[in-house]
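Dear colleague,

I am passing on the structure we spoke of, with the sequence alongside. Please look it over before reading my notes.

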Amino acid sequence: MKEQPILSVEHLSVSFRVSRRQQVTVVRDVSFDLMPGHILAIVGESGCGKSVTASAITGLLPHGQGKVSGGHIHYKGQDLTSLREKEYRKLRGREIAMIFQDPMTSLNPVQRISVQMSEMICKALHVSRPEALERAAKALGDVGIPNPENRLSAYPFELSGGMIQRVMIAMALAVHPSVLIADEPTTALDVTIQAQVLQLIQDLRDREGMSVMLITHDMGVVAETADDVMVMYAGEQVEYGVCRDIIGDPKHPYTSGLLRSLPRLDVDQDTLYSIEGTVPPPVELPGCRFAERCESCFAPCQNVKPSLAVWDGRQVRCHLYGEVNHHE
Ligand SMILES: Nc1ncnc2c1ncn2[C@@H]1O[C@H](COP(=O)(O)OP(=O)(O)OP(=O)(O)O)[C@@H](O)[C@H]1O
Ligand SMILES: [Mg+2]
C-alpha cells in the first residue's frame, strides 16, 4: 500500500483583508504532501507566501485579518481547517511544533527561560517540573548552548538574537513533535551553529521519524538537507517534487535562477548571478506571475496562466512544459 502523508495540503488559498471591502489572496491553490520522516523544503524569495502557508497550517493566521479562503489541510487524516482553536492549541503544543521566523516576538522577555520552557514541556508531555527542567537543559545543550543549566535562569532580554533563536529551536524540539515546521530556523545563526542545528533536525528525523517542513530561501540548505522541495513564487507553487531531481535538473526558469544565484566553489565567479526585478504584488495577473522577470518568456506567458503540469516526475507551472497531465 502506498504510504500516506502525515500532512497533506490541498488547493490551499489564503487571503488577507486589507481594507473594509478589499481582500488580497497571497497564497493561491497550493498543494503538497509532507511524507512521514521526510524533510520538505519550501523555498522562494521574500514575500512568496512561505510564512503565510506555515501560519495557515498551524492555525496562526492573524485573527480577523487572514483566513484560509480555499482548500484543505489534513493532518493524520483530520481536516485542520475545521478545527476549533482549543483543539488546535493541543495539537500545536504537542504534535506540530513551529519555529518562528521572528523568535524575539514569541518569547516573553521578562520571564526566565526556565519557566517558559518547563511550562511548555510540562503541558505537552505531562511530566513533573523537575523532569521538565532536565529536559529543557538537555534540549538547550542539543542546540549547542554552552552551560545550559546556567542559561536556563536567564531572561530572554539577556540573550543575543542567535541565542534566542537556538532557545526557540530547543523549545520546539524538546517535546519531540511528529511534525516540525521551521520557518528560516537558522537565518540569524552563524554558519557553524547553522550546520549544527540542521544536523540536529536531521538526527531527530533519522532517530524518531520526525517530519519537517523547512522554510528557507537558501538553496544551499535545501540541497544539503531536503528530501522534497516546493518552490514558491508570488503565492503559487511553481515547481514541486523530489529534491535531488529538482536541484540536479531544474525545469522552471525561476528554480534555475535561484540555483544560479548560489555561490559556487568549483568555478571562478567574478559576480554572483541574481534574478533581475522583484516579486509582483499580490494582485490578479492574466499570465504567468514570473513572466516579467523570466529569461525564457515567450508568446503565451504574459496573457495565459500556466497550469501545473507533471513533467519528468515533478510538478511544474510553466508554458515550456505543456498542459496538466495527472496520469504520467
Ligand atoms: N498580516 C498581513 N496582512 C496583509 N498582508 C500580509 C500579512 N502578512 C503577510 N502578508 C502578505 O503576504 C505575502 C506573503 O508573505 P509571507 O510573509 O508569507 O512571505 P515569505 O515568503 O515568508 O517572505 P520572507 O522570506 O520575507 O519571510 C506578502 O505579500 C505579504 O505582504
Ligand atoms: Mg517568511
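Predicted model: local features only at pLDDT ≥ 70, side-chain atom pairs only at ≥ 80, totals over all residues.

Residues are numbered from 1 along each chain as written, chains are lettered from A and ligands numbered from 1 in written order, and side-chain values use heavy atoms, without hydrogens and water.

The magnesium ion (ligand 2) is coordinated by Ser-51 (OG) and Gln-101 (OE1) at 2.0 to 2.3 Å, where donors are N, O and S atoms within 2.8 Å of the metal (3.2 Å for Na, K and Ca), and since water is not among the atoms the site may look incomplete. Ser-51 belongs to helix 1 (residues 50-57), whereas Gln-101 sits 50 residues away in the loop between strand 6 (96-99) and helix 3 (113-125); helices (H or I, at least four residues) and strands (E, at least two) are DSSP runs numbered from the N terminus. Ser-51 is partly exposed at 24% relative accessible area, as is Gln-101 at 44% (buried is under 20%, exposed over 50%, partly exposed in between, with a 1.4 Å probe and protein chains only).

Four strands form an open antiparallel sheet in the order 2-1-4-5, pairing requiring at least two DSSP bridges. Strand 2 (23-34) and strand 5 (78-79) each have a single partner, so one side of each lacks a neighbour in the sheet.
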